[in-house]
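This briefing looks at a set of annotated positions and at the sheet described alongside them. Please keep the sequence and the structure in view while reading.

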Amino acid sequence: MTWQARIDAALAAREASHSLRRRAVCDPARGGALVNEGVRYRNFSGNDYLGLSQHPQLIEAWQQGARTWGVGSGASGHVSGYSRAHQTLEEDLARWLGFDRALLFISGFAANQAVVAALMQAPDRILADRLSHASLLEAASHSPATLRRFAHNSPAALAALLDKPCDGLTLAFTEGVFSMDGDCAPLAALAPLTRNDNTLLMVDDAHGIGVLGREGRGSCDVAGIKPDLLLVTFGKAFGLSGAALLCSEPMAKYLLQTARHLIYSTAMPAAQAQALKAALTVIREGDELRARLERNIARFRAGAARLPLALADSQTAIQPLIVGENAAALALAQTLRERGLWVTAIRPPTVPPGTARLRLTISAAHQDDDIDALLEALYDGCR
């Protein structure tokens, strides 16, 4: 078989199973919207939960940062790319979330991979929720440590794995809010299971930070726990991009020596760090934004309960409607697209076979008429 034949066969198989991924050019617009090929759509597929990507304070902060420091950091943070803006943001994040240190990463994907690569050895083990993010699972597959996945959101399943003997150390991993189902991990029940010198608990709170808890401190604040490692990302409620890992002082010192994703990546621009600092201020003062998001979620769920589709048990901004087969999910998404609603069908392998869905996301930027237009189109599309 030639390389071309292999590629052609793989693409043909994806096409036949209605699972071929395609990108579209989407230009962001205000008010929870986007523009594609000159047409404005109400956007129900993004992760901009508080609408901060268009917030004037963040835009001004980035522009001011660019005028002060330029538009690129120019190097890894271990060389010359770590500025006062980066340091200040790390310090503010650590104080806000109650940790010794915060380390900035270029993405949450990179941060998850960095932790596994830097910490795990043979005969260590990684105990991960079955629905953990692809970044963690991919890193685990490349690690000399053993990966074991426990039943989704099951403290009993994690406890059973922890009771099994291990000659090495253990990293227990879960998300705060799961990205495809929108449900929350039982962190208050999981955390006590990991309180020993041989186990670290890591929580990836990409979809909870900024939205849940006091001042938007996230899932761990709601649960009243402090994990050993907390990952927060900036591409969702913060409205920007990048990530930070919150940890102890010794852990930060160790990762600064060993985390290759940190050492060998160009640091985020200082202007971006300044915009993130502005986002943090808006989030901490953003109770009204969070209240508006909650109202929008409640309005959607009340209307969607009458649809002939399975509505996931989620109280978060992620509101999946389970359709089932790939072709049916794609067809419904296209029907909504024709009504001016940008909704993406999520299909295997991202979700289990037979659970293709519309992964709807609600934002504080949406107005009542946006939610109502979505519900009306869904009713019509399901007839």
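In this predicted model, Thr233 is in contact with Gly108, Ala206, Ile209, Phe238, Gly242 and Ala243, once its neighbours within four places in sequence are left aside. Thr233 is placed in strand β9, which covers residues 229-233, and with a relative accessible area of 5% it falls under the 20% limit and therefore counts as buried.

**The annotated set**
- According to an unreviewed UniProt entry, the annotation "binding site" covers Gly108, Phe109, Ser179, His207 and Thr233.
- These residues are spread over 126 residues of sequence, yet they cluster in space, with a largest C-alpha distance of 13.4 Å.
- From this set, His207 is part of the lining of the largest cavity.

**Ser179**
- Ser179 is found in the loop between β7 (170-175) and α7 (187-190), and it counts as buried because its relative accessibility is 15%, where buried means under 20%.
- Apart from its neighbours within four places in sequence, Ser179 is in contact with His207, Ile318 and Arg359.

**The sheet and its helices**
- An open sheet with mixed pairing is formed by 7 strands, in the order β4-β10-β9-β8-β7-β5-β6, and its edge strands, β4 (101-105) and β6 (146-150), each pair on one side only.
- Strand β8 (residues 199-204) runs parallel to β9 and is joined to it by 3 bridges, and Met202 stands opposite Leu229 in β9.
- Helix α4 (residues 108-119) packs on the sheet, where the strands it touches include β4 and β9, and its direction makes about 160° with that of β9.
- Helix α9 (residues 249-258) also packs on the sheet, touching β4, β8, β9 and β10, and its direction makes about 30° with that of β4.

Methods
Residues numbered from 1 in each chain as written. Predicted model: local features only at pLDDT ≥ 70, side-chain atom pairs only at ≥ 80, totals over all residues. Heavy atoms only, no water. UniProt positions renumbered as here; feature names shortened; annotations may be inferred. 1 Å grid on protein atoms, 1.4 Å probe; cavity = no way out; pocket = protein on both sides within 12 Å on 5 of 7 lines; lining within 4 Å. Helix = DSSP H or I, 4+ residues; strand = E, 2+ residues; numbered from the N terminus. Buried < 20%, exposed > 50% of the residue type's maximum accessible area, 1.4 Å probe, protein only. Contact = heavy atoms within 4.5 Å. Pairing = 2+ DSSP bridges. Axes fitted to C-alpha atoms, helices over the stretch in contact; angles between N-to-C directions.
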